[in-house]
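This report describes selected features of one protein model.

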Amino acid sequence: MHTTFTLRHAVAASLLALGFAASAPALAQDWPAKPISLVVPFPSGGTTDVLARALGDQLSKSLGQPVIVENRPGAGATVGADYVSKAKADGHTLLMGAVHHTIATSVYKKLPYSFQKDLAPVTPIAMVPNVLVVNPAKTPAKSVAELVALAKKASPELSYGSNGNGTAQHLIGTQFQAVTGAQLLHVPYKGSGPLTTDLLGGQVAMSFDTLTPVLPHIKAGKLKALAVTTAKRSTALPDVPTMEEAGLKGFDIGTWFGVMAPAATPQPVIARLNAEIVKIVNSPDFQQRMLAAGAEPMASTPEAFARRIQDETAKFAGLVKEGKVTIE
């Protein structure tokens, strides 16, 4: 009786596996069955929003369904990530994730989700350099050295804006202070849109924001770029030095952006989504659009993207510890 029972279940399991394997291609072909929500965890107008809308335009055409960008800002991008992590895992709710999420893992003492366990990587779409900018009408420094000297004697402290507590801009600010010895006042915003508005208005002295939202203002002369925070210069600002070239050692932080899905999303859907996005990222039109926004297009397999997330989570954990950055 026991042998018959075991055999019967083994056969049933095999038939179930065969049935799933046969239905996997059909599952990918049937998806998407309705409009896709691409969640941006920042307000409109920032880099994440700009890249999401550029991708959404192309993905809508590729998939034959509308891709609707949904802004869910708050708590250093963790509100939007939490929302997607708990969404139905059918491939119709996606997250435009960013490097900020790998930092938040270490910065926040309690998060209602696990970035590595509750979200499935699909592919990165771009890397955007961060750039130290000042409003020249309010902060007259023409170089990093001049800014450091100004900051050290400023009273009250010079302020720098970020996209929120626990974001890359926040962490770059703490590293800048550690390396230079200058004391700065951190002013967190909900995203690049309101931050850029206040920077142009002189409410904050500087920012370490991603290049995309400030590039037009740099070109117009309203903001002055002093250095990029990546290891190499930006193709959009070839005359602006790196932090290393400006005399500050150990700086190599850029902001990547990429698509994530709820962890239980079926693998055939992840695979098709990856193939469609990689095709878009490698297309000449999308690449030109990214380069014009100061972004460096890039794509990979979900596995390679997962390794990047794992590596950078560990890297930023060290920087967070050094900078003693914690949020309740």
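Buried denotes a relative accessible area under 20%, exposed one over 50%, and partly exposed the range in between, with a 1.4 Å probe and protein chains only. E1 spans residues 36–40, and five of its five residues are buried. In a regular strand, side chains alternate between the two faces of the sheet. Helices (H or I, at least four residues) and strands (E, at least two) are DSSP runs, numbered from the N terminus.

The model is predicted: local features need pLDDT of at least 70 and side-chain atom pairs count only at pLDDT 80 or more, while totals for chains, interfaces and linings use all residues. Residues are numbered from 1 along each chain as its sequence is written, and side-chain values use heavy atoms, with hydrogens and water left out.

E1 and E2 run parallel and are joined by five bridges; strands count as paired if DSSP finds at least two bridges between them. Between these strands the chain passes through helix H2 (residues 47–63), and this β-α-β crossover is right-handed, that is, the path from the first strand over the helix to the second runs clockwise with the strands pointing away from the viewer. Val40 has Asn71 in E2 as its bridge partner. E1 also runs parallel to strand E3 (residues 93–98), through three bridges, and Leu38 stands opposite Leu94 of E3.

Ala75 lies in the loop between strand E2 (67–71) and helix H3 (78–85). With a relative accessible area of 40%, Ala75 is partly exposed. The C-alpha atoms of Ala75 and Ile327 are 9.8 Å apart in space, although the two residues are 252 apart in sequence.

## Aromatic pairs

The structure holds three aromatic pairs. Rings of Phe, Tyr and Trp (its six-membered ring) pair if their centres lie within 6.5 Å; planes under 30 degrees apart are stacked, over 60 edge-to-face, and the rest tilted. Tyr160 and Phe208 form an edge-to-face pair, 5.6 Å centre to centre with 80° between the planes. Tyr160 lies in strand E6 (residues 158–162) and Phe208 in the loop between strand E8 (206–207) and helix H9 (211–219), so the pair ties together parts 48 residues apart in sequence. Both Tyr160 and Phe208 are buried. Ring pairs link Tyr160, Phe176 and Phe208 into a cluster.

Trp256 and Phe305 have ring centres 5.3 Å apart and planes at 85°, so this pair is edge-to-face. Trp256 belongs to strand E10 (residues 254–262) and Phe305 to helix H12, so parts 49 residues apart in sequence are tied together. Trp256 is buried at 0% relative accessibility, and Phe305 is buried at 1%.

## Pocket and cavity

On a 1 Å grid over the protein atoms alone, a cavity is a set of points where a 1.4 Å probe fits but cannot get out; a pocket is an open set with protein on both sides within 12 Å along at least five of seven lines, and lining residues have an atom within 4 Å of a point. The largest pocket has a volume of about 250 Å³. Among its 17 lining residues, Met127, Thr230, Ala231, Asp252 and Gly254 are the closest to its centre. H12 supplies the largest share of this lining, four residues.

The structure holds one cavity of 30 Å³ or more, and the largest cavity has a volume of about 50 Å³. Its lining includes Phe42, His100, Asn163 and Phe257.

Methods
Points joined across faces, edges and corners; volume = space filled by probe spheres on them.
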